[in-house]
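Subject: Structure handover

Hello,

Here is the structure I promised to pass on. Please open it alongside this note.

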Amino acid sequence: MPFARLFIRTSIVLTLPVARSTRTLSLSCLGARTNLTSTRPTHFKPLLCNLHSTTPCTMTDDYGERALRYGLASKEEIKDVLASDSRTVFVDVRSPPEILESSLKTRPYISAWCTMNDSSRLTELAPQLLPDKKIPIVVFCAIGGRSAGAQRALEALGYEKVLNGGGLKDLDYVV
């Protein structure tokens, strides 16, 4: 029987047996309950989950699905911004270990680690890292969720053109 390893709030790691036919796992921990749904019938991918969420916690590779869920900008829109303004800034909101594992190699970028629910570090650093609020900004993470929060935080600070670029893997067309 395969095992599902769940990383919850990065301080709790659970390894649970998962039947091959299992698609949904209900989890109760520390008084909170969430349902985790696998996109593959044979195993659960490692998931970063918010235990206070009432919606299933899933991760998908489908760009269209993530675009709807997280408000990703279209690849054409990002290409147009890059063509019209060479000052466009990329902001990577992934964690330091994720950045060490892989990074954007085709463009310089700024790093400001965020979580799905906390963009306070970016909010604190933005005035120094991004002093011109008129320059286009493309925020990205691993799949688009954290960058959606970063986008909202930057827009709340008055930045005029902030695009959610989705995940690093989605930026393969950026040269």
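Below is what I found, taken element by element.

One caution to begin with: this is a predicted model.

Going through the pairs: strand 6 (residues 89-92) joins strand 7 in the parallel sense over three bridges. Here D92 stands opposite S111 of strand 7. Strand 6 also pairs with strand 8, parallel again, over four bridges. V89 has I137 of strand 8 as its bridge partner. Strand 8 and strand 9 are parallel too, with four bridges between them. On that side, I137 has V162 of strand 9 as its bridge partner.

Strand 8

How many residues of strand 8 are buried? Five of the five, so the strand is largely enclosed by the rest of the structure. Its side chains split by direction: I137, V139 and C141 point one way, while V138 and F140 point the other way. Both sets are buried.

The cores

The largest nonpolar core has 15 residues. V91, L122, L130, I137, V139, L154 and Y159 touch the most other members. Helix 4 (120-129), strand 8 (137-141) and helix 5 (145-156) each give two or more residues to this core. Strand 8 supplies the largest share, three residues.

Leaving aside residues up to four places away in sequence, I137 touches V89, V91, L130, L154, Y159, K161, V162 and L163. Another core lies apart from the largest one.

Helix 1

In helix 1 (residues 63-70), R66, A67 and Y70 are buried. Why do they fall on the same side of helix 1? Because they cover an arc of only 105° around the axis. Helix 5 and strand 9 are among what covers the buried residues of helix 1.

Both ends of helix 1 have a detail to check. At the start, a side-chain oxygen of D62 comes to within 3.2 Å of the backbone nitrogen of G64. Just after the helix, G71 takes a positive phi of about 70°.

D170

D170 sits in the segment after strand 9. Is D170 buried or exposed? Its relative accessible area is 6%, and the cut-off for buried is under 20%, so D170 counts as buried. Its side chain reaches the backbone nitrogen of G167 at 2.8 Å. D170 also touches Y63, R66, L72, K75 and G165, again not counting residues up to four places away in sequence.

Best wishes

Technical notes
Residues numbered from 1 in each chain as written. Predicted model: local features only at pLDDT ≥ 70, side-chain atom pairs only at ≥ 80, totals over all residues. Heavy atoms only, no water. Core = buried A, V, L, I, M, F, W, Y, C linked by side-chain atoms within 4.5 Å. Buried < 20%, exposed > 50% of the residue type's maximum accessible area, 1.4 Å probe, protein only. Contact = heavy atoms within 4.5 Å. Pairing = 2+ DSSP bridges. Arc of directions from axis to C-beta. Polar contact = N/O pair within 3.5 Å; in protein donor to acceptor, adjacent residues only side chain to side chain.
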